Amino acid sequence: MTKVTMTVNGKTVAKEVRGNMLMTEFLRDELHLTGTHVGCDTSQCGACVIHVNGQDVKACTMFAGEAEGAEVATIEGMANADGSLNTIQQAFQDYHGLQCGFCTPGMVMTAAALLRDNPKPSETEIRDYLEGNICRCTGYHNIVKAIMAASGQDVSAIAAE
Amino acid sequence: MYSFDFERPTTLDDAVKALGQDEAQALGGGQTLIPSLKQRLAMPSKLVSLAAIEELKGVTAEGGVLTVGGGTTHGTVAAEASAYPALAALASNIGDPAVRNRGTVGGSLANNDPAACYPAAALASGATIVTNTREIAADDYFQGMFTTALDEGEIITAVKFPIPEKAAYIKFEQPASRFALVGVFVAKYSDGVKVAVTGASEEGVFRWTEAEEKLSADFSAGAVEGLSLPAEGMMSDLHGSGAYRAHLIGVLTKRAVAAAG
Ligand code: FES
Ligand code: FES
């Protein structure tokens, strides 16, 4: 067993965990934060994307022990303090950027990382950045629109769904 | 996954000590190793994460050499290796953003996947692989797919890339994995041109010396026109036959030369 201490969505947590415990298991099974989804468990789909020390990473391909001392942010920490949806989440709702919602936590976390480094991305930059996030429902156009809109840009030029 | 212990040393000395134990294995960014562990392809008694060792991280350019710490992520190389643009571009095209935020240069070179990008850059640049015990020339380092000159428990602390006059890396992506179906790195130095090919040979990354000779005499895409490699010894799988890969090497070499300008 390994002792891990980290901050998750602003709260300090400390637990004894198995050496081979993945971050997805740590968040979902130990902390009951089930917003971080597991679509593939093989690093392909991006449903499990979280932020570790401000960087977007795939939680299914990282051990809990690797996050020792880190600041971790998950989808549960994204809403505004009053519980309302944040700008990116609201844009996903407004632009129909989700259908079943399975990919959405990873999409929102990935979009948040992109917009922090690149506040006004082009459509191509958005599509490139979503390389590691798979959506089986929307066909992506509305996700791209939502991210464009969340960055305060005009979305009328983006292909219809 | 099999069960194992997990350790996260903060100094190189402690990591070397931890790796001295039986069946201990180093963990870089884990973007290859963790999937392999899930498939039970490896059974370490202990994983020693190198991610907390600050002395293994960073990118510096000095005296015509770009030095990249072994624990530096692809994302950091993409952002900070501006002194060697072809290398920064290579790093920015590995996997996806989340993978680039974890995967490391040292991890990629230690694994020596036959379709990985960094081995081509190291070989074409005549890089030096620096470990906790010695310095290894790239030409001596790569010894066939998934095989390197590293000893048990040896850690890549840095990679020194001499900065070329011109260089470019072109990869033909396998569309699902984004690994190189074939990738060619061309680098021109004052004393000659080096061409390294990844993704193609059953022996892993290799230098295409015939192309190097032609390009050293005349650095233009036309110089390698008509030059080709045999299909024998090239990997064949559902993504492409050996003959197709051999053909791609010629095409990508020309594109790389053109892109290097
Ligand atoms: S569950 Fe992590 S990438 Fe799919
Ligand atoms: S909304 Fe269903 S997978 Fe994206």
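**Notes on the predicted model**

1. Chain A is divided by the domain assignment into domain 1, covering 2-77, and domain 2, covering 87-153. The model is a predicted one, and in it the centres of domain 1 of chain A and domain 2 of chain A, taken over C-alpha atoms, are separated by 21 Å. To the contact between them, domain 1 of chain A contributes 17 residues and domain 2 of chain A contributes 15 residues.

2. Helix α1 of chain A spans residues 23-30, and its buried residues are Met23(A), Thr24(A), Phe26(A) and Leu27(A). These buried residues of α1(A) pack against four strands of chain A, namely β1 (2-8), β2 (11-17), β3 (49-52) and β5 (71-73). After α1(A) comes His32(A), which has a positive phi, near 60°.

3. Helix α2 (residues 87-94) and helix α3 (residues 104-117), both of chain A, have axes that come within 10 Å and cross at roughly 125°. Because of that angle, α2(A) is classed as oblique to α3(A), and the crossing in which α2(A) passes α3(A) is right-handed. On the side of α2(A) the contact is made by Ile88(A), Gln89(A) and Phe92(A), while α3(A) supplies Thr104(A), Met107(A), Val108(A), Ala111(A), Ala112(A) and Leu115(A). Sorted by class, this contact of α2(A) with α3(A) comprises seven nonpolar and two polar residues, with no charged residues.

4. In chain B, strand β4 (residues 59-62) contains Val59(B). The relative accessibility of Val59(B) is 16%, so this residue is likewise buried under the 20% cut-off. When neighbours within four places in sequence are set aside, Val59(B) is in contact with Leu66(B), Thr67(B), Val68(B), Thr72(B), Thr76(B), Val77(B), Glu80(B) and Ala81(B). As for Ser108(B), which lies 49 residues from Val59(B) along the chain, the C-alpha atoms of the two residues are 16 Å apart.

Notes:
Residues are numbered from 1 along each chain as its sequence is written. Chains are lettered from A and ligands numbered from 1 in the order in which they are written. This is a predicted model: local features need pLDDT of at least 70, side-chain atom pairs count only at pLDDT 80 or more; totals for chains, interfaces and linings use all residues. Side-chain values use heavy atoms; hydrogens and water are left out. Helices (H or I, at least four residues) and strands (E, at least two) are DSSP runs, numbered from the N terminus. Buried means under 20% relative accessible area, exposed over 50%, partly exposed in between (1.4 Å probe, protein chains only). Contact means heavy atoms within 4.5 Å. Axes are lines fitted to C-alpha atoms, for helices over the stretch in contact, and angles run from 0 to 180 degrees between N-to-C directions. Angles under 35 degrees count as roughly parallel, over 145 as roughly antiparallel, 65 to 115 as roughly perpendicular and the rest as oblique. A crossing is left-handed if the near helix is turned anticlockwise from the far one by less than a right angle, and right-handed if clockwise. Ala, Val, Leu, Ile, Met, Phe, Trp, Tyr, Cys and Pro count as nonpolar, Asp, Glu, Lys and Arg as charged, and the others, Gly among them, as polar. Domain bounds come from an automatic or database domain assignment.
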